[in-house]
Amino acid sequence: MAAPLRVGVIGAGRIGVLHARNLAGRIPGVRLEAVSDVVAASAEKCAAELGVATATTDHRRILERKDIDAVVICSSTDTHSRMIGEAAEAGKHIFCEKPIDFDLGRIDDALAKVERAGVKLQVGFNRRFDPSFRRVHDLVRSGSVGTPHLLRITSRDPSPPPIAYVKVSGGIFLDMTIHDFDMARYLSGLEVVELYAAGGVLIDPEIGKAGDLDTAVVTLRFENGAIGTIDNSRKSVFGYDQRVEVFGSGGMAEAGNAFPNTVIVSGDRSVARDLPLNFFLERYMESYLREMEAFVACVRDGGEPPVGGRDGRVPVVMGKAARLSAEQNRPVKLSEIKA
Ligand SMILES: NC(=O)c1ccc[n+]([C@@H]2O[C@H](COP(=O)([O-])OP(=O)(O)OC[C@H]3O[C@@H](n4cnc5c(N)ncnc54)[C@H](O)[C@@H]3O)[C@@H](O)[C@H]2O)c1
């Protein structure tokens with residue numbers, strides 16, 4: 001049997017612990033060797049829970065270990081591009097949570113280091129691995145809907161994040177819509193050339209005071225002339241609202257919300273069911289496992305990571321274009337975004 005792939009996780013917060021649990025217990029052929037977090041208690045708690053030998057506050061202790069093949073970067077966004085560069089120079093394969101960075105120059109530097117080192121980089125756009133969205137993608141790719149004409153993505157959170165988070169999030173387009181930008185490219189198989197974004201503050205004036213929006217619609221123009229819309233809200237009273245649709249010359253493929261059960265109660269006045277799975281940790285649990293399996297497989301068996309560096313960069317360009325569009329109230333071509 002081949003030796004297990006030896007992995008270190010950097011950043012043991014919400015998403016880091018989730019990935020660490022998958023790596024430690026749910027993916028064959030992997031050994032989680034080390035966990036790092038600047039907060040010692042976070043690294044130690046995660047390592048103790050999963051029986052991992054090494055917990056450290058310095059991610060460089062992981063990078064300098066010759067017996068570790070790959071790192072999974074789950075620390076705060078402002079550390080990603082630097083750590084990608086450091087990990088590449090240390091010869092480690094890299095899985096990095098989205099976004100790589102908000103600065104295109106820093107993204108390009110990091111991607112150049114990955115290229116030079118010849119290591120693999122996968123970016124954490126997990127929704128591509130959701131079974132329903134993947135099925136829509138596969139149907140579009142196989143020609144079942146014909147030529148795509150219209151794409152529709154609805155993506156609404158159950159409630160806004162804390163204001164402290166909003167202030168450092170990069171804004172709704174780079175924090176939230178970024179997943180939908182990736183989904184638009186993934187589902188259609190097309191690049192977006194121009195977009196127009198309209199946004200408002202309809203949920204919480206504090207979000208506006210922090211310089212952000214809580215409600216937005218983005219119209220996309222694809223390279224083949226097809227049109228897409230993304231609508232976002234930071235507050236959906238019925239829970240996480242995640243639906244997609246691709247309509248084309250030969251038909252339509254759509255995926256609806258996911259529910260905790262299939263029970264429907266019918267009465268003499270209404271037909272009802274329980275609310276959708278409440279947020280991303282429940283709704284996208286399977287996708288997180290599948291994306292990590294795909295990363296492990298591409299490192300072990302060879303082949304390109306399914307979500308590469310360019311896939312990490314383009315949605316950042318789209319997020320910047322959307323911000324400019326909303327600020328200036330005009331359509332923006334992606335080619336206008338240089339930095
Ligand atoms: N793909 C997804 O669905 C998804 C979901 C949530 C978060 N994310 C991304 O994952 C990243 C982390 O988000 P989170 O929600 O887990 O945040 P979090 O704040 O819960 O966790 C981040 C952790 O990183 C640690 N950290 C910060 N600097 C570090 C360093 N230099 N070395 C080691 N650890 C360090 C922090 O102490 C914290 O424990 C963000 O970039 C976020 O955008 C992606």
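## Basis of the description

Residues are numbered from 1 along each chain, following the sequence as it is written. Because the model is predicted, local features need a pLDDT of at least 70 and side-chain atom pairs count only at pLDDT 80 or more, while totals for chains, interfaces and linings use all residues.

## Overall build

The protein has 13 helices and 15 strands, where helices (H or I, at least four residues) and strands (E, at least two) are DSSP runs numbered from the N terminus. Along its principal axes, the C-alpha trace spans about 60 × 55 × 45 Å. The radius of gyration of the protein is 20 Å, which agrees with the value near 20 Å that a compact globule of 339 residues would have; this radius is taken over C-alpha atoms, and the globule rule is 2.2 Å times the number of residues to the power 0.38.

## Two domains

The protein is divided into domain 1, covering 5-119, and domain 2, made up of 130-286 + 315-336, with bounds that come from an automatic or database domain assignment. The C-alpha centres of domain 1 and domain 2 lie 28 Å apart. The contact between them takes 6 residues from domain 1 and 6 residues from domain 2, two residues being in contact if their C-beta atoms, placed from the backbone, lie within 7 Å.

On the side of domain 1 that touches domain 2, the residues divide into 5 nonpolar, no polar and 1 charged. In this division Ala, Val, Leu, Ile, Met, Phe, Trp, Tyr, Cys and Pro count as nonpolar, Asp, Glu, Lys and Arg as charged, and the others, Gly among them, as polar.

## The parallel sheet

An open sheet is formed by 6 strands in the order β3-β2-β1-β4-β5-β6, and their pairing is parallel; two strands pair if DSSP finds at least two bridges between them. The edge strands are β3 (54-56) and β6 (121-123), each of which pairs on one side only. From one strand to the next, the twist averages 20 degrees, with axes fitted as lines to C-alpha atoms, for helices over the stretch in contact, and angles running from 0 to 180 degrees between N-to-C directions.

## The mixed sheet

A second open sheet has 7 strands in the order β12-β11-β7-β10-β9-β8-β15, with mixed pairing. β12 and β15 (332-333) stand at the edges with a single partner strand each, so one side of each is left without a neighbour in the sheet. Helix α6 (residues 131-141) packs on this sheet, where it touches β7 (148-156), β11 and β12, and its direction makes about 165 degrees with that of β12. Helix α13 (residues 309-328) lies across β8 (192-200), β9 and β15, and runs at about 50 degrees to β8.

Strand β11 (residues 241-248) and strand β12 (residues 251-255) run antiparallel and are joined by 5 bridges; they form a hairpin with 2 residues between them, and Glu245 has Glu254 in β12 as its bridge partner. Strand β9 (residues 215-222) pairs with strand β10 (residues 227-233) in the antiparallel sense over 7 bridges, with Val218 opposite Ile230 in β10. β8 runs antiparallel to β9 with 8 bridges between them, and Tyr196 stands opposite Thr219 in β9. β8 is also joined to β15 by 2 bridges, again antiparallel, and Glu194 has Lys333 in β15 as its partner.

## The ligand shell

The ligand is surrounded by 23 residues, of which the closest are Gly11, Gly13, Arg14, Ser75 and Glu97; a residue is near a molecule or strand if its C-beta atom, placed from the backbone, lies within 6 Å of it. The shell residues divide into 7 nonpolar, 12 polar and 4 charged. Helix α1 (residues 14-25) gives the most to this shell, with 3 residues.

## Two backbone details

The peptide bond from Lys98 to Pro99 is cis, with omega near -20 degrees, and Pro99 lies in the loop between β5 and α5 (104-117). Asn329, found in the loop between α13 and β15, has a phi near 50 degrees, a positive value in a residue other than glycine.
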